[in-house]
Amino acid sequence: MDSAVSEAVAPAAAGIPAQAEAPGAITEDGAQDWQLDHTRAPIATKVVVAGGFGVGKTTFVRAVSEITPLQTEALMTQASEETDDLSATPEKLTTTVAMDFGRITLDDDLVLYVFGTPGQQRFWFMWDDLVRGAIGAIVLADTRRLTDCFAALDYFESCGLPYIVAVNHFEGTERFEPEDVREALTVPPHVPVVIMDARKRYSVVESLLAMVAHALECTPEQSD
């Protein structure tokens, strides 16, 4: 990531809105003046949300996206009973077969494009294309079946993409401390582990900010 991206991301990653040069005016059609100024095109960055089957990736993208998210949901049939374990998610009727896509504007000059990966092993061949160009990843975990996220952890470790672990806390399940989850997953000390709720926008935004901050720490700035 070059210095320009770092300068734009750093304020948002710290949870502090970047200061604009002048207050943005709102036009009659609802657009802000900076959106109509072609000399101030926002910096677009790509992030990936991965994890096991039914862990909440689609919910994560849907909760945070400021646009109608692109979803590739397909109805589950009896043909998948032998390959998809529904014991922890008995009410799940659909599954992602390609990707989820959403967008969130963290600041006037910073836009995150959020891509959710398919969880089933038979769709993992798409991961290489989905992560290309991403600055980092969020690995969602469910404490009822932590082993389901091992494949995603191994993938991002092997490809060198910065990532964090976000434990999606489901109602009615025991709440664990981040360090307990870190130990159970043998996640390195420098990788952030957060507890969140994929249904709540503020919680998802906090996870995204944690991932962006971690990506900045892992990516040395390039000299001009």
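This is a predicted model: local features need pLDDT of at least 70, side-chain atom pairs count only at pLDDT 80 or more; totals for chains, interfaces and linings use all residues.
**Entry 1: strand β5**

Residues are numbered from 1 along each chain as its sequence is written, and side-chain values use heavy atoms, with hydrogens and water left out.

I then looked up the pairing of β5 (two strands pair if DSSP finds at least two bridges between them). β5 and strand β6, residues 163-168, pair in the parallel sense over five bridges. Strand β1, residues 43-51, and β5 also pair in the parallel sense over five bridges. On that side, Ala 137 in β5 is the bridge partner of Val 48.

Next I checked burial (buried is under 20% relative accessible area, exposed over 50%, partly exposed in between; 1.4 Å probe, protein chains only). In β5, residues 136-141, six of six residues are buried. Both faces are covered: Gly 136, Ile 138 and Leu 140 are buried on one side, and Ala 137, Val 139 and Ala 141 on the other.

**Entry 2: the elements**

I listed the secondary structure by DSSP runs, numbered from the N terminus (helices are H or I, at least four residues; strands are E, at least two). The protein has seven helices and seven strands. From the N terminus on, they run α-α-β-α-β-β-β-α-β-α-β-α-β-α.

Of the 224 residues in the protein, 46% are buried. I also looked up contacts (heavy atoms within 4.5 Å). Among those with a separation of 6 or more, 73% join residues 24 or more positions apart.

**Entry 3: two cores**

I looked for nonpolar cores, meaning sets of buried Ala, Val, Leu, Ile, Met, Phe, Trp, Tyr and Cys residues joined through side-chain atoms within 4.5 Å. The largest has 25 residues, and those with the most contacts inside it are Phe 60, Ile 104, Val 114, Ile 138, Leu 140 and Leu 208. β1, α3 (57-64), β3 (94-107), β4 (110-116), β5, β6 and α7 (201-218) each supply at least two residues of this core. α7 gives the most, with six residues.

Apart from this core lies another, of 23 residues, with Ala 141, Ala 152, Val 165 and Leu 185 among them.

Which residues is Ile 138 in contact with, leaving aside its neighbours within four places in sequence? I found Val 48, Val 49, Ala 50, Phe 60, Ile 164, Ala 166, Ser 207, Leu 208 and Met 211.

**Entry 4: aromatic pairs**

I checked rings of Phe, Tyr and Trp (its six-membered ring), which pair if their centres lie within 6.5 Å; planes under 30 degrees apart count as stacked, over 60 as edge-to-face and the rest as tilted. The structure holds four aromatic pairs. The rings of Phe 101 and Phe 115 have centres 5.0 Å apart and planes at 55°, so this pair is tilted. Phe 101 lies in strand β3 and Phe 115 in strand β4, so the pair ties together parts 14 residues apart in sequence. Phe 101 and Phe 115 are buried. With Tyr 113 they form one aromatic cluster.

I then took Tyr 155 and Phe 156. Their ring centres are 5.3 Å apart and their planes at 85°, so this pair is edge-to-face. Both residues are buried.

**Entry 5: single residues**

Arg 145: I placed this residue in the loop between β5 and α5. Is Arg 145 buried or exposed? Arg 145 counts as buried because its relative accessibility is 12%. A polar atom of its side chain lies 2.5 Å from the backbone oxygen of Phe 53.

Trp 127: this residue is found in helix α4, residues 127-131. Its relative accessible area is 3%, so Trp 127 is buried. Leaving aside neighbours within four places in sequence, Trp 127 is in contact with Ala 50, Thr 117, Pro 118, Ala 152 and Tyr 155.

Thr 186: I found this residue in the loop between α6 (178-185) and β7 (193-196). Its phi is near 50°, a positive value in a residue other than glycine. At 66% relative accessibility, Thr 186 counts as exposed.

How values were computed: A polar contact is a pair of N or O atoms within 3.5 Å; within protein, one must be able to donate a hydrogen and the other to accept it, and residues adjacent in sequence count only if both atoms are side-chain atoms.
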